[in-house]
Protein chains: 2
Amino acid sequence: MDELVYTTLANRLRAGIRSGQLSPGSYLPTESTLMREQNVSRGTVRRAIDVLVREGLVISRQGRGHQVRQGTALVWIASQPERNQGRADGPSDTWSRSVLAQGFTPSEQITTEIGYASDAVARWLALAAREPVSIRRRLRFVDGAPYSIADSFYPRSIVAGSDVELPADVQPGVYAIFAALGRPWARTVDRLCSRAPTPEESATLAIPRGVAVAEVVRRSFDPAGIPVRLTLFVLPGDRHEIEYEHAEATT
Amino acid sequence: MDELVYTTLANRLRAGIRSGQLSPGSYLPTESTLMREQNVSRGTVRRAIDVLVREGLVISRQGRGHQVRQGTALVWIASQPERNQGRADGPSDTWSRSVLAQGFTPSEQITTEIGYASDAVARWLALAAREPVSIRRRLRFVDGAPYSIADSFYPRSIVAGSDVELPADVQPGVYAIFAALGRPWARTVDRLCSRAPTPEESATLAIPRGVAVAEVVRRSFDPAGIPVRLTLFVLPGDRHEIEYEHAEATT
DNA sequence: GAGTGGTCTAGACCACGTC
DNA sequence: ACGTGGTCTAGACCACTCA
């Protein structure tokens, strides 16, 4: 069933990685070595390695070699997104806290801009196309390496002039500001899909060729059921696990 | 920035698909046609098409051609998994109900077996390795086509002899049975990751080459915090969106 | 400059689907 | 029998890294 040459080679290499024979951080034999040892052509060798790259086991860099990835998948806690807003002890958002708890150093680069809603954003926020929105872009880093994107979009009709538009950690939290503006949210829904990254995402997040990303569309609705906040997360699949807790599992 | 030949060709084809020029269900030009028209070699043509296959836009079949996929991504409602258990009006599980609501026909093929916990299952269920578990495998279909896998694992020490071990839709619901056994669950946590499918998954779910799957590990805990149920979902990325609702989004 | 991986070509054979 | 895509080979040139 598995007589395919590149599959067998991929399996052989994968076994070496899993068994620890090829330890994380070390390099695979070079392509020419594998060609010689396994008596296959370069195309076949590259195809086998490509399988491992797409599985997130191996990182390839031109001029360097094919390196076994360090297994550093972080857990992204998606539940209760606002639980820590405005806390005094340490960073105020759930993401930073959970990265810290896993022994790594989180950081964020926040920029804000005023723009017009794209078609997709308008659809998610139930706005007319090209209505003004306040955009808050967060590029997240773990131990200094780019990790994920979290871009929030707010209808300008709600947040114009408020602190939400400042490019900094918002105190005492975005939710509090929305509550003060009379538009607290009462319900949040996430929509996930996995897809191939766009070229821009590959570049800013340094996503290895072939790795998929999870895109999370998070919308928050006010008590009247109108969406007041949209956040788009882009989470590279090779460094993320996502965790959700169901609040009430019974009935 | 994008001078790569295969990338440009992929972009050109993708544009044709998005614009509707290449409508869903129709076939791309054959590889030899593209070679001739674009003046590139076969390897480059195949690489470009491979990009589209991995994005879930195109399906390739030997001897047939490269076909534009029909866009039929269903939404998988992950929240409140037990809400509909034991209902009389229609199918009892949330999945079937949501597929019906989206205008498709769900079906399931349920098999049960008694086995021993693998390392992974034992770890998730906090069991010793190779402890006996009751396994309930569900292969789910939409309009007759295989769609996803949902395999549940229960410690045999809890469910031995109960209706959970029957290969049928369980009445009045698995939760009710666990409650009757004195082990209702009080908390459910999902862990998601996206990865490449195993060869078996590719075969049973007919996953096109290169498409990633989302794996969802769902665990339910009894009031003492002991895991009593483990369900592993395998959801091909090209036909699924996953939706979570946050129960309490405030504070 | 030597060696690495990244891209592209040209050609071969095989497996599958259709006629 | 023919055309399709799937696999594999051999060889070329380029871009990058590192000594």
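**Surface near DNA strand D.** I looked up the composition of this surface in the predicted model. The residues near DNA strand D comprise 4 nonpolar, 12 polar and 4 charged. I find that 20 residues surround DNA strand D, and the closest are A:Val5, A:Ser41, A:Gly43, A:Thr44 and A:Gly63. I then traced the elements that each supply at least two residues of this surface: from chain A, helix 1 (5-19) and helix 3 (42-54), and from chain B, helix 2 (31-38) and strand 2 (65-68). Helix 3 of chain A gives the most, with 3 residues.

**Surface near DNA strand C.** I repeated the search for the other strand. Here 20 residues surround DNA strand C, the closest being B:Val5, B:Ser41, B:Gly43, B:Thr44 and B:Gly63. Two or more residues come from each of helix 2 (31-38) and strand 2 (65-68) of chain A, and helix 1 (5-19) and helix 3 (42-54) of chain B. I note that helix 3 of chain B gives the most to this surface, with 3 residues. The division by residue class is 4 nonpolar, 12 polar and 4 charged.

**Helix packing in chain B.** I next examined how helix 2 and helix 3 of chain B pack. Their axes are 9 Å apart, and the angle is about 110 degrees. This falls in the range of 65 to 115 degrees, so I record helix 2 of chain B and helix 3 of chain B as roughly perpendicular to each other. Their crossing is right-handed. Helix 2 of chain B makes the contact through B:Glu31, B:Leu34 and B:Met35, and helix 3 of chain B through B:Arg42, B:Val45 and B:Arg46. I classed the residues of this contact as 3 nonpolar, no polar and 3 charged.

Terms used:
Residues are numbered from 1 along each chain as its sequence is written. Chains are lettered from A and ligands numbered from 1 in the order in which they are written. This is a predicted model: local features need pLDDT of at least 70, side-chain atom pairs count only at pLDDT 80 or more; totals for chains, interfaces and linings use all residues. A residue is near a molecule or strand if its C-beta atom, placed from the backbone, lies within 6 Å of it. Helices (H or I, at least four residues) and strands (E, at least two) are DSSP runs, numbered from the N terminus. Ala, Val, Leu, Ile, Met, Phe, Trp, Tyr, Cys and Pro count as nonpolar, Asp, Glu, Lys and Arg as charged, and the others, Gly among them, as polar. Axes are lines fitted to C-alpha atoms, for helices over the stretch in contact, and angles run from 0 to 180 degrees between N-to-C directions. Angles under 35 degrees count as roughly parallel, over 145 as roughly antiparallel, 65 to 115 as roughly perpendicular and the rest as oblique. A crossing is left-handed if the near helix is turned anticlockwise from the far one by less than a right angle, and right-handed if clockwise. Two residues are in contact if their C-beta atoms, placed from the backbone, lie within 7 Å.
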